[in-house]
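Me: I would like to learn how to read a few features of a structure, one at a time. Please give me the general idea before each case.

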Amino acid sequence: MPVSLPPALGLSLDLLRCPTCRTRRLHHDHGALRCRGGHTFDIARHGYAGLRTGTRATSGDDAAMVRARDRFLATGAYAPIREVGARLAADAVSGRGTVVDAGCGTGYYLAGVLDQLPGARGLGLDTSVRALRSAARVHDRAAAVAWDVFRPFPLADGAADVVLDVFAPRNPAEFHRVLRPAGRLIVIRPTGRHLAELRDQVPAMVTIDPAKEQRLHRALDPLFEVVVTEEVEYSASLTRPDVLDLVAMTPSARHVSGADLNDGGVLPDQVTVSVLATAYRPR
Ligand SMILES: C[S@@+](CC[C@H](N)C(=O)[O-])C[C@H]1O[C@@H](n2cnc3c(N)ncnc32)[C@H](O)[C@@H]1O
Ligand SMILES: [Zn+2]
């Protein structure tokens with residue numbers, strides 16, 4: 001049986017452009033999205049649109065990472081990060097608006113923004129099919145699209161009021177193209193103190209490169225100027241299962257063995273959460 005058009009995807013259909021011919025709009029037809037040039041893309045039964053073309057990207061969180069992320073975010077330990085994202089987005093959008101979340105994961109942050117903006121619609125992009133299943137259900141105004149953010153987005157020029165990027169890969173040129181001139185890019189990333197206690201105990205966890213801020217600045221500065229940066233730093237109390245999920249949901253999980261976690265014995269029950277959230281305006 002063809003998949004009917006998920007309501008949240010219907011809300012955002014006018015933003016989408018055929019990823020193959022780039023300019024044509026997509027319309028819903030018998031459980032698929034089609035352009036007038038004859039290109040067809042599936043709507044997964046889990047509710048996200050599969051717009052990716054060509055070879056499959058190898059990046060993207062696997063099922064175990066997504067499950068860990070879902071459980072960890074449900075503890076509320078990162079709620080202050082969600083709040084700062086929602087506040088910065090609300091400053092940029094009044095009433096109706098469109099929020100694109102690049103590397104949306106399970107859609108946790110996008111849902112936080114949409115809760116804050118009752119008139120807005122959201123669209124999350126991610127390569128992880130498992131994450132998209134969650135993102136497609138996370139909010140009744142959030143659509144989810146399978147897409148590699150390093151490729152030109154299947155979205156119209158100037159379509160977004162906010163582009164959100166939380167701990168995710170960035171594509172400055174595409175962020176700039178899809179934002180309207182008065183829109184905002186919101187980038188949330190860890191500082192060097194983020195989860196320091198955990199990094200101390202689990203040496204195999206990937207460290208945060210001290211030059212990261214400089215690289216971010218160099219990449220964004222030609223296209224964006226900073227409006228405001230907020231620092232969010234606090235200590236979070238975690239149970240052992242929370243800590244294991246926190247390790248399992250990060251890219252470090254690919255490098256950390258069970259022995260790394262168990263040999264050291266004590267895992268911290270308090271960790272520093274430390275991020276920077278910057279709102280940028282397009283130049
Ligand atoms: C650290 S997670 C952050 C997810 C979400 N923003 C959050 O903070 O909960 C990074 C996300 O980027 C996705 N990702 C990795 N490479 C990607 C790519 N090239 N295009 C789109 N998404 C990608 C992963 O699947 C994962 O969901
Ligand atoms: Zn087409």
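Reply: Let us start with a definition: a crossover is right-handed if, with the strands pointing away from the viewer, the path from the first strand over the helix to the second runs clockwise. Helices (H or I, at least four residues) and strands (E, at least two) are DSSP runs, numbered from the N terminus. In this structure, a right-handed β-α-β unit is formed by S8, H6 and S9. The model is a predicted one, in which local features need pLDDT of at least 70 and side-chain atom pairs count only at pLDDT 80 or more, while totals for chains, interfaces and linings use all residues. Residues are numbered from 1 along each chain as its sequence is written, and chains are lettered from A and ligands numbered from 1 in the order in which they are written.

Me: Is helix H4 largely enclosed or open, and why?

Reply: A residue is buried if 20 or more other C-beta atoms lie within 10 Å of its own, exposed if 12 or fewer, and partly exposed in between, with C-beta atoms placed from the backbone. H4 (residues 108–116) is largely enclosed by the rest of the structure, because seven of its nine residues are buried; among them are Tyr108, Leu110 and Val113. Two residues are in contact if their C-beta atoms, placed from the backbone, lie within 7 Å. The buried residues of H4 pack against several elements, including helix H2 (63–74), helix H3 (79–92) and strand S8 (160–166).

Me: Why does Pro169 count as partly exposed?

Reply: Pro169 counts as partly exposed because it has 14 C-beta neighbours inside 10 Å. Pro169 sits in the loop between S8 and helix H6 (172–178), and, leaving out residues up to four places away in sequence, touches Gly103, Val149 and Phe150. The C-alpha atoms of Pro169 and Ala102 are 7.5 Å apart, although 67 residues separate the two along the chain.

Me: Which residues does Ile186 contact?

Reply: Once neighbours within four places in sequence are set aside, Ile186 is in contact with Gly85, Leu88, Ala89, Val162, Leu164, Ala277 and Ala279.
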